[in-house]
Amino acid sequence: MIDLFKSITFGLLLLLPIANPIFTMILYLGLSKGISAKEHASIAKKTALNTFIIMIIVFYIGGLIINIIGVSIPGLRISGGLIILLLGFRMLLPPTESKKDITSVDSDDRDISLIPLAMPGTVGPGTMAVIISYASTLKNGMMFSTLSVNITPLLVFLIFALLVWGAIRSSSTIIKCLGNHGLKALSQILGFVLISMGVQFIINGIHQVLVMWMAVSAHTT
């Protein structure tokens, strides 16, 4: 039991710094205009479920999928950065009132629980890299018992999904306090933050590509 507790703590400590449920809540606040109380509860549940499923898939077959389709971690970082960058611009510079508000949510034609909340908002390129590394550590290392290795990923991802659900559900209080004008101002502020994060993701991805290219060049010469 102690070994299982240690392995769960190890997994959460790896995930929380890079896949913070608070960021998911902040992203949701920026996109929450026009969401009813019923839709709010539904989005919280579906985001948590999508997060859990994505993490399980990445843990068990993420490395295999990346190898098969030939996508590198830097490539994931750059593509995730572009998605976040686009979301940031939509939040910072919303369309005019005469056009359909892109940042509002219509449950019939747009669902934000999968994209962008679950991915890349919660499970982004960096989180995927950490989960793949975490899988390698558990499967190939001798840190924990066999029982812990088999049960830990499910429990870690379940606990994390519950944290995401709780973060989004608790945002309803913030939404009520801010009102429409407050949410609009917050959305624009968060849009700028997302643009900065997206640019940083892209820079990190390009930097990794350059480092890999320089390493290969040095090895061949």
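Here are some worked exercises on this predicted model.

**Exercise 1. Which elements make up the chain, and in what order do they run from the N terminus?**

Solution. Begin with the count: the chain has seven helices and zero strands. Reading from the N terminus on, the order is α-α-α-α-α-α-α. Next, look at the contacts between residues at least 6 apart in sequence: 88% of them join residues at least 24 apart.

**Exercise 2. Compare the reach of helix H4 with the expected span, then find its buried residues.**

Solution. Helix H4 covers residues 73-92, which is 20 residues. From first C-alpha to last, H4 reaches 28 Å, close to the 28 Å expected at 1.5 Å a residue. Now pick out the buried positions in H4: Pro74, Leu76, Gly80, Gly81, Ile84, Leu85, Leu87, Gly88 and Met91.

**Exercise 3. Which helix gives the largest share of the nonpolar surface patch?**

Solution. First, list some members: the patch includes Leu49, Ile53, Tyr60, Ile69 and Leu154, and its area is about 920 Å². Then assign them: helix H3 (residues 37-69) contributes nine residues, the largest share. Tyr60 lies in H3 and has a relative accessible area of 41%, so this residue counts as partly exposed.

**Exercise 4. Where does Ser133 lie, and how far is its C-alpha atom from that of Gly63?**

Solution. Ser133 sits in helix H6 (residues 125-140). Its relative accessible area is 42%, so Ser133 is partly exposed. Although Ser133 and Gly63 are 70 residues apart along the chain, their C-alpha atoms are separated by 9.0 Å.

**Exercise 5. Work out how Phe59, Tyr60 and Phe157 form one aromatic cluster.**

Solution. Take the ring pairs one at a time; with centres within 6.5 Å as the cut-off, the count is two aromatic pairs. Phe59 and Tyr60 are edge-to-face, at 4.9 Å centre to centre with 80° between the planes. Phe59 is buried, because its relative accessibility is 5%. Phe59 also pairs edge-to-face with Phe157, at 5.8 Å centre to centre with 70° between the planes. Since Phe59 is in helix H3 and Phe157 in helix H7 (residues 146-220), this pair ties together parts that are 98 residues apart in sequence. Phe157 is buried too, with a relative accessible area of 0%.

Note on methods: Residues numbered from 1 in each chain as written. Predicted model: local features only at pLDDT ≥ 70, side-chain atom pairs only at ≥ 80, totals over all residues. Heavy atoms only, no water. Helix = DSSP H or I, 4+ residues; strand = E, 2+ residues; numbered from the N terminus. Contact = heavy atoms within 4.5 Å. Expected span 1.5 Å × (residues − 1). Buried < 20%, exposed > 50% of the residue type's maximum accessible area, 1.4 Å probe, protein only. Patch = residues over 30% accessible without salt bridge, like charges linked within 9 Å, V, L, I, M, F, W, Y side chains within 5 Å. Areas by Shrake-Rupley, 256 points an atom, 1.4 Å probe, with all protein chains shown as cover. Salt bridge = Lys/Arg side-chain N within 4 Å of Asp/Glu carboxyl O. Phe/Tyr/Trp six-rings, centres within 6.5 Å; stacked < 30°, edge-to-face > 60°.
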